[in-house]
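Let us walk through this structure step by step. Keep the sequence and the 3D view open as you read.

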Amino acid sequence: MASNHQDHPDHDDDYHGHGSELSEMQLRVRALETVLAEKGYIDPEAIDVIIEAYETKVGPHVGARVVAKAWANPAFKQALLANASKAVAPLGLLNRIGDHLIAVENTPQQHNVIVCTLCSCYPWEVLGLPPVWYKSAPYRSRAVNDPRGVLADFGVTLPADTAIRVWDSTAETRFLVLPMRPPGTEGWTEERLAALVTRDSMIGTGLPKNPKDA
Amino acid sequence: MDGIHDMGGMHGFGKVEPEPNEPVFHAAWEAHCLALNRAMGYTGIWTIDQTRAGIEELPPDIYLMSSYYKKWAVRLENLVVARGLAGADEIEAGHALRPGKPLKRKLAAADVPNTLTRGSYSRPAAAPARFAPGDRVRTKNIHPPTHTRLPRYARDKTGVIEAVRGCHVFPDTAAVGQGEDPQWLYTVLFEGRELWGDSAEPSLKVSIEAFEPYLEPA
């Protein structure tokens with residue numbers, strides 16, 4: 001992808017603009033990395049391991065397992081809602097889940113939406129790195145005053161009598177939405193249930209997959 | 001800081017545009033930028049609040065026009081130079097021209113898995129929490145020129161304490177090198193109409209995570 005942009009820098013203005021930033025940033029970040037490594041502040045091998053972890057180990061599949069377990073196991077659900085950090089820790093999903101994780105439950109009466117209006121706070125350990133839209137000005141500006149309009153941008157329509165609750169992540173507390181378990185999944189294993197749990201359903205901008213489509 | 005980063009409730013940014021099957025990184029430099037920021041954070045030379053302030057202090061036009069990871073890259077360059085870890089001339093040259101400074105620690109590849117877990121921001125409390133769930137509170141009308149986590153849309157508003165989240169590092173002091181000054185943290189719940197007037201949907205509720213110094217009894 002990156003080399004493509006560099007190989008064809010003379011297309012229309014938009015394309016050219018994007019390509020310019022790409023090559024400029026490649027050079028700029030490489031220069032910074034070289035300086036920091038030569039100064040002895042960073043180990044380039046550690047850089048590669050960090051990248052690999054975020055590309056392969058940490059991601060929404062972790063949160064999906066947590067949600068599926070909560071759907072399948074009422075005692076775990078209760079523990080999760082009482083203290084998510086503590087409840088999730090023994091699952092061995094990562095080395096350890098950090099403090100301050102809070103799970104919030106969707107019900108027919110209330111739908112939860114998570115945002116960080118000030119920056120991009122997001123529960124990395126259970127969802128991985130945030131998508132571009134989560135960090136974007138349209139989402140951060142509108143989620144707190146027009147959440148139903150934001151949901152429409154995602155193609156999600158809630159019943160008019162479902163109230164929306166927005167959580168602005170303005171401290172080190174991190175929020176995970178526990179979506180409602182789809183009907184028609186009685187007796188499903190946790191693994192099968194986890195396949196219904198989308199990333200967006202754990203942020204509150206989506207709903208779990210329909211069991212008929214899974 | 002009443003900066004461009006404080007976006008809650010602003011108009012004019014358009015629709016949210018989700019990207020189907022979005023990759024974790026859109027280019028290799030984004031991945032390296034993230035990892036460099038993580039590795040330098042590990043050295044302990046700055047706090048997470050200082051890095052957030054570093055993004056907020058970017059000029060508004062740069063903030064709005066730059067991609068997320070470009071902001072991280074520019075911020076890291078700025079911090080490295082501001083702390084005297086490298087010179088602008090070295091970044092320009094793309095090579096170290098002088099030896100590095102000693103830092104507290106350096107992230108080794110083998111230690112990376114342990115750093116994927118966030119640290120705890122809980123600290124022992126110097127005094128009992130001033131508020132309890134159910135208490136009505138009013139957020140202060142403050143406008144510090146430095147880093148704060150009280151968003152503009154939720155200043156001078158009345159809400160209810162929903163939960164006490166423990167005593168945490170206070171970002172407002174940690175960001176300006178004045179120490180952790182731990183403070184009680186609360187989830188404060190507002191009616192949508194308290195924040196947005198009659199244009200808000202009647203059933204809308206919005207909460208912020210608010211540190212005790214932001215609050216007074218209502």
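**Where the two chains meet**

The contact between the chains takes 71 residues from chain A and 74 residues from chain B. Two residues count as in contact if their C-beta atoms, placed from the backbone, lie within 7 Å. This is a predicted model: local features need pLDDT of at least 70, side-chain atom pairs count only at pLDDT 80 or more, and totals for chains, interfaces and linings use all residues. Residues are numbered from 1 along each chain as its sequence is written, while chains are lettered from A and ligands numbered from 1 in the order in which they are written.

On the side of chain B that touches chain A, at least two residues each come from α1, α2 (48-56), α4 (68-82), α5 (88-93), α6 (112-115), β2 and β4 (205-211) of chain B. Helices (H or I, at least four residues) and strands (E, at least two) are DSSP runs, numbered from the N terminus. Helix α1(B) gives the most to this side, with eleven residues. By class, the side of chain B that touches chain A holds 40 nonpolar, 17 polar and 17 charged residues. Here Ala, Val, Leu, Ile, Met, Phe, Trp, Tyr, Cys and Pro count as nonpolar, Asp, Glu, Lys and Arg as charged, and the others, Gly among them, as polar.

Now turn to the strands. An open sheet of seven strands runs in the order β2(A)-β3(A)-β4(B)-β3(B)-β2(B)-β1(B)-β5(B), with mixed pairing. Its edge strands are β2 (110-115) of chain A and β5 (215-217) of chain B, each pairing on one side only. Neighbouring strands of this sheet are turned by 35 degrees against each other on average, direction ignored. For such angles, axes are lines fitted to C-alpha atoms, for helices over the stretch in contact, and angles run from 0 to 180 degrees between N-to-C directions. Two strands pair if DSSP finds at least two bridges between them. Strands of a sheet pair through backbone hydrogen bonds, either parallel or antiparallel.

Where do chains A and B join in this sheet? Strand β3 (residues 163-168) of chain A runs parallel to β4(B), joined by four bridges.

Move on into chain B. Seven bridges link β4(B) to β3(B), and these two strands run antiparallel. V188(B) stands opposite I208(B) in β4(B). Strand β3 (residues 183-191) of chain B is largely enclosed by the rest of the structure, because seven of its nine residues are buried. A residue is buried if 20 or more other C-beta atoms lie within 10 Å of its own, exposed if 12 or fewer, and partly exposed in between; C-beta atoms are placed from the backbone.

β3(B) also pairs with β2(B), in the antiparallel sense, over seven bridges. There, A163(B) has T187(B) in β3(B) as its bridge partner. Strand β1 (residues 136-139) of chain B runs antiparallel to β5(B), with three bridges. T139(B) stands opposite L215(B) in that pair.

**Two domains in chain B**

Chain B is divided into domain 1 (28-115) and domain 2 (136-217), with bounds from an automatic or database domain assignment. Their centres, taken over C-alpha atoms, are 29 Å apart. Six residues of domain 1 of chain B are in contact with four residues of domain 2 of chain B. The side of domain 1 that touches domain 2 has one nonpolar, two polar and three charged residues.

Two residues of chain B deserve a look at their backbone. Phi of D156(B) is near 60 degrees, a positive value in a residue other than glycine. D156(B) is found in the loop between β1 and β2 (158-168) of chain B. N21(B) has a positive phi too, near 50 degrees, and is found in the segment before α1 (28-42) of chain B. N21(B) is exposed, with 4 other C-beta atoms within 10 Å.

**Inside chain A**

Chain A has eleven helices and four strands. Of its 214 residues, 44% are buried.
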